[in-house]
Amino acid sequence: MAALGDENITVILQEKLKIILEDKPIPKPGNNEVQIEMHSVGICGSDVHYWQKGSIGEFILKSPMQLGHESSGVISEIGANVKHLKIGDRVALEPTVPCGSCSFCRIGRYNLCPDVECHSTPPCDGSLARYIVYRADYCYKIPDNMSFEEGALCEPLSVGIYACRRGNVALGHKVLVTGAGPIGLVSMLTAKAMGASEVCITDISAERLEFAKKIGADHTLLIDTKDVDVLSKKVQTAFGAKPDVTIECSGAQSSVELGIYSTVNGGCIVLVGMGPDKVTIPLLYAACHEIDIKGTFRYSNTWPTAIRMISSGSVNVKPLVTHRFPIEDALVAFETARSGAGGAIKVIIDCFKN
């Protein structure tokens with residue numbers, strides 16, 4: 001995988017199963033935009049999914065697309081009308097730009113905007129390049145005590161923050177997290193930071209559960225059976241009671257079932273994981289036990305909180321970064337993220353030019 005040059009190496013998903021490097025012209029910022037010299041970009045499960053499958057639900061790859069949306073960098077040029085940023089500012093990027101005028105945007109739920117544009121979601125290009133231009137409003141300055149990698153991890157952390165907000169996680173809550181991938185792990189860390197007294201996390205991988213335990217899980221549960229009743233009893237045994245909130249991060253139907261059967265009467269299960277379009281769940285049980293089932297779609301109003309949580313030390317995301325690759329080795333990085341080789345949790349691509 002060779003680039004034509006190295007001024008603005010860009011990672012392009014040309015078609016399903018085909019990632020290439022391309023040397024694009026360095027873009028110039030327009031009104032209300034900034035040019036960013038990218039530094040750190042994390043590989044998200046959705047990036048891998050588009051690479052492997054070519055689509056996620058209604059979002060279908062129809063033309064080549066620049067990948068990447070967990071990102072940070074340095075402001076290298078300022079467009080007209082930008083007042084709050086200057087050249088040299090270190091920033092984390094919120095990768096969604098809504099219309100700003102619809103009813104959802106006006107009430108602050110801009111993640112539900114029907115005209116939202118999202119990095120590395122067809123047809124919108126992402127941030128895996130040496131240089132990009134982006135809307136200044138969605139670039140957030142990060143303090144000196146935060147690394148670029150931590151800035152990039154504001155994106156997955158925002159998913160955890162939004163999920164915990166949707167579940168109304170509060171002081172003293174017992175929280176079940178199903179799935180110990182990167183999103184499950186940041187949801188666990190966020191729940192603890194928001195005051196959860198105990199968090200139990202589940203997974204089919206003993207290795208991932210061991211990692212979760214090292215970074216703060218109070219309890220872990222290996223999914224070694226398809227019997228949801230057995231697993232639900234194990235959850236209750238771990239907590240000594242049913243959890244108040246379940247945050248489902250695996251997308252597996254069995255985990256949704258486990259969350260519904262495990263959650264306390266009047267509790268809440270938050271659906272974060274992207275699974276099949278249709279699943280069979282015990283809806284009557286949920287109704288009769290008044291278990292709220294809430295969906296999530298990305299996030300809104302989370303970046304300032306994510307930055308403060310990281311910079312204050314309330315959440316430590318550093319251990320999540322297990323592998324780093326230069327942008328020239330993007331395909332190796334994506335393969336590592338896909339396979340989980342070497343215990344990969346979060347793979348970071350370094351975009352800057354040495």
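Okay, let's start at helix α10, residues 303–312, where the buried residues are W303, T305, A306, I307, M309 and I310. Buried here means under 20% relative accessible area, exposed means over 50%, and partly exposed is anything in between, with a 1.4 Å probe and protein chains only. Helices are DSSP runs of H or I with at least four residues, strands are runs of E with at least two, and both are numbered from the N terminus.

What do those buried residues of α10 pack against? They pack against β8, β12 (139–141), α3 (148–152), α4 (154–166) and α5. A contact, by the way, is heavy atoms within 4.5 Å. Just after α10 you'll see G313, with a positive phi of about 90°.

Quick housekeeping. This is a predicted model, so bear in mind that local features need pLDDT of at least 70 and side-chain atom pairs count only at pLDDT 80 or more, while totals for chains, interfaces and linings use all residues. Residues are numbered from 1 along each chain as its sequence is written, and side-chain values use heavy atoms, with hydrogens and water left out.

Now zoom out. Along the principal axes, the C-alpha atoms fill a box of roughly 60 × 40 × 40 Å.

Of the 354 residues in the chain, 52% are buried. If you take the contacts with a separation of 6 or more, 68% of them are between residues 24 or more positions apart.

Let me show you a few.

E7 and K353 meet through their side chains at 3.0 Å, N to O. E7 sits in the segment before β1 and K353 in the segment after β20 (346–350), so this pair ties together parts that are 346 residues apart in sequence. E7 is partly exposed at 43% relative accessible area, and K353 is partly exposed at 39%.

Then there's K192 with D218, where the closest N and O atoms are 2.8 Å apart. K192 is in helix α5 (residues 182–193) and D218 in the loop between α6 (206–214) and β15 (219–222), so the pair ties together parts 26 residues apart in sequence. K192 is partly exposed at 31%, and D218 is partly exposed at 26%.

The next one is local: E335 and R338, with the closest N and O atoms 2.5 Å apart. They are three residues apart in helix α11 (residues 330–339), about one helical turn. An α-helix has 3.6 residues a turn, so residues three or four places apart point the same way. Both ends are partly exposed, E335 at 32% and R338 at 40%.

P122 and P123 are joined by a cis peptide bond, omega about 5°, and P123 is in the loop between β10 (117–118) and β11 (131–135). L17 isn't a glycine, yet its phi is positive, about 70°. L17 lies in the loop between β1 (9–15) and β2 (18–23). Is L17 buried or exposed? Exposed, with a relative accessible area of 52%. N81 also has a positive phi, near 75°, and is in the loop between β7 (70–78) and β8 (90–93).

Last stop: I291, in the loop between α9 (283–288) and β18 (292–295). I291 is buried, at 6% relative accessible area. Leaving out residues up to four places away in sequence, I291 touches I260, T263, V264, G267, I269, Y285 and A286. Take I260: 31 residues from I291 in sequence, but 7.2 Å away C-alpha to C-alpha.

Technical notes:
A salt bridge is a side-chain nitrogen of Lys or Arg within 4 Å of a carboxyl oxygen of Asp or Glu.
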